[in-house]
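Work through the exercises below with the sequence and the coordinates open. Each task is followed by a solution in steps.

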Amino acid sequence: MGRYEERQKHTEWFRQARFGMFIHWGLYAIPARGEWVRSHEKISVEDYQQYFEEFNPVRYNPREWAKLAKEAGMKYAVLTTKHHDGFCLFDSAYTDYKSTNTKCGRDLVKEYVEAFRAEGIKIGFYYSLIDWHHPDFPHYGDRQHPMRDNEAYKDVQHNWDNYITYFHNQVKELLTNYGKIDIMWFDFSYDNERLKGTQFEHMSGETWHSRELIEMMRQLQPDIIIDNRLGGDARKEEPDLHSGDFVSPECMMPAEGETDVLGRDVPWELCLTLNENWGYAKNKPWDYKTTENVIHMLVECVSKGGNMLINVGPNAKGDIPRDSIRILKEVGEWMRVNSDSIYGCGKSSLPKPEWGRYTQNGKMLYAHIYDRRVGGFRLEGLEGKLKKARLLEDGSELPLSRPWNGENYPDDAYVDLGVAGLYDERDTVLELELI
């Protein structure tokens with residue numbers, strides 16, 4: 001079995017699940033200006049320390065988060081165990097910069113794992129490859145480091161091997177201390193123009209000692225799936241070991257899904273925000289996507305053979321923002337009656353219709369209707385290919401009948417939507433059984 005076949009088998013559950021929750025949470029929830037606040041505002045370790053001393057999410061209740069994810073129809077979740085600022089939400093033996101040393105005094109990752117696992121949701125860990133707190137991660141001249149322009153750090157020497165050992169040890173802790181982990185979501189590799197000519201020029205691939213890392217991870221968690229942000233090319237005919245199991249485009253929908261150089265489908269997942277930030281920020285209500293927008297993006301991902309991982313950014317007290325909760329609950333209402341058109345579905349061989357999108361699972365073709373159109377509802381190229389049609393929401397029969405004005409389109413099938421028209425203006429789903 002080649003690497004491509006292994007990857008397809010490895011990711012089978014992932015490609016069935018299709019919908020997940022991303023959770024960005026950490027000290028940056030206190031300044032409430034997004035997770036990149038240290039970099040954007042060039043905040044020193046000393047000035048950022050106030051947030052470590054203050055951190056105490058008294059309303060953190062991951063059971064409520066897990067119930068929300070389940071209600072929304074999500075099948076897996078990914079939590080930031082350590083973001084770029086280096087603060088750990090878990091009780092690591094290799095740093096004092098962790099939640100158990102704050103006023104909170106809790107291993108927040110442990111509680112997350114227990115809560116989401118209890119709801120039957122698969123467990124994912126996000127871990128940042130970069131670290132603005134660790135003394136051996138390059139400071140001056142780095143592309144993103146808060147101290148990139150601070151002359152005081154210009155001649156400071158960094159022991160890269162120390163940092164590699166540190167982060168490998170932390171990954172080992174995460175994959176040893178919390179039971180079965182389903183996803184490891186690394187972030188992020190990059191080419192560093194400002195460090196050109198130094199050992200830190202390419203912050204990608206073997207710079208992270210990725211082969212050693214992956215081998216260790218596979219030994220500890222044989223079934224874990226890993227994203228592609230260690231570097232490498234997941235689209236090669238035989239991808240490198242560190243290319244990952246799925247491609248992770250960020251806030252940019254692929255035009256036609258993801259394929260390799262031979263045209264074979266590659267597992268992929270669109271990650272995106274509900275508002276304008278990953279970490280908590282004081283967003284205005286109009287910064288949020290609409291429920292309809294979220295449903296349409298999920299359907300588009302599935303129609304192109306991909307997943308959607310959508311983010312919530314809890315605040316400093318541990319609450320998911322009310323607008324995020326509202327949207328996810330409304331998505332959940334739609335998913336409750338339409339999830340058959342999402343779970344286990346993927347691309348259809350049919351071209352994208354003008355009125356919406358298709359998803360398909362074997363002989364079951366799902367028509368996602370966003371636009372009612374004029375006259376009888378026409379399904380191009382499906383005449384004689386449909387066994388029956390039902391409204392997915394309630395299973396009610398939809399007659400296959402050609403209207404009087406359909407004579408000029410003999411290759412197309414027609415569905416009588418009756419006087420009801422569009423049952424759900426956000427996305428009415430027809431379940432079409434193919435012959």
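**Exercise 1. A helix and its faces**

Which residues of helix α5 (residues 62–72) are buried?

Solution. The model is a predicted one.

Step 1. The buried residues of α5 are Pro62, Trp65, Ala66, Leu68, Ala69 and Ala72.

Step 2. Viewed down the axis of α5, these buried residues fall within an arc of 160°, so they line one face of the helix.

Step 3. Arg63 and Glu64 are exposed, on the other side of α5.

Step 4. The packing partners of the buried residues of α5 are β1 (19–23), α6 (108–118) and α10.

Step 5. After α5 comes Gly73, which has a positive phi near 95°.

**Exercise 2. Aromatic pairs**

Classify the ring pair Tyr48 and Tyr51, and state whether each residue is buried or exposed.

Solution. Step 1. There are 33 aromatic pairs in the structure. For Tyr48 and Tyr51, the ring centres are 5.4 Å apart and the planes stand at 80°; planes over 60 degrees apart count as edge-to-face, so this pair is edge-to-face.

Step 1. Both tyrosines lie in helix α4 (residues 45–54), three residues apart, about one turn of the helix.

Step 2. Buried means under 20% relative accessible area. Tyr48 has 1% and is therefore buried; Tyr51 has 11% and is therefore buried.

Step 3. Trp355 and Tyr358 also form an edge-to-face pair, with 5.3 Å from centre to centre and 85° between the planes. Trp355 and Tyr358 are both buried.

Step 4. A cluster linked by ring pairs contains Trp25, Phe52, Phe55, Tyr60, Trp65, Phe87 and Tyr97. Trp65 is one of the buried residues of α5 from Exercise 1.

**Exercise 3. Salt bridges**

Solution. Step 1. The count of salt bridges is 30.

Step 1. Arg326 and Glu330 lie in helix α10 (residues 322–338), four residues apart, about one turn of the helix. Their relative accessibilities are 37% for Arg326 and 25% for Glu330, so both count as partly exposed.

Step 2. A network of salt bridges links Arg3, Arg218 and Asp245.

**Exercise 4. A sheet of four strands**

What is the strand order of the open sheet of four strands? Identify its edges and a helix that lies across it.

Solution. Step 1. The order is β10-β11-β15-β13, and the pairing is antiparallel.

Step 1. β10 (356–361) and β13 (386–391) each have a single partner strand, so one side of each has no neighbour in the sheet and they stand at the edges.

Step 2. On average, neighbouring strands of this sheet are turned by 20° against each other, direction ignored.

Step 3. β13 pairs with β15 (residues 428–434) over five bridges, in the antiparallel sense. The bridge partner of Lys388 in β15 is Glu433.

Step 4. Helix α9 (residues 291–303) lies across β10 and β11 (364–369), and runs at about 50° to β10.

Methods. Residues numbered from 1 in each chain as written. Predicted model: local features only at pLDDT ≥ 70, side-chain atom pairs only at ≥ 80, totals over all residues. Heavy atoms only, no water. Salt bridge = Lys/Arg side-chain N within 4 Å of Asp/Glu carboxyl O. Helix = DSSP H or I, 4+ residues; strand = E, 2+ residues; numbered from the N terminus. Buried < 20%, exposed > 50% of the residue type's maximum accessible area, 1.4 Å probe, protein only. Pairing = 2+ DSSP bridges. Axes fitted to C-alpha atoms, helices over the stretch in contact; angles between N-to-C directions. Contact = heavy atoms within 4.5 Å. Arc of directions from axis to C-beta. Phe/Tyr/Trp six-rings, centres within 6.5 Å; stacked < 30°, edge-to-face > 60°.
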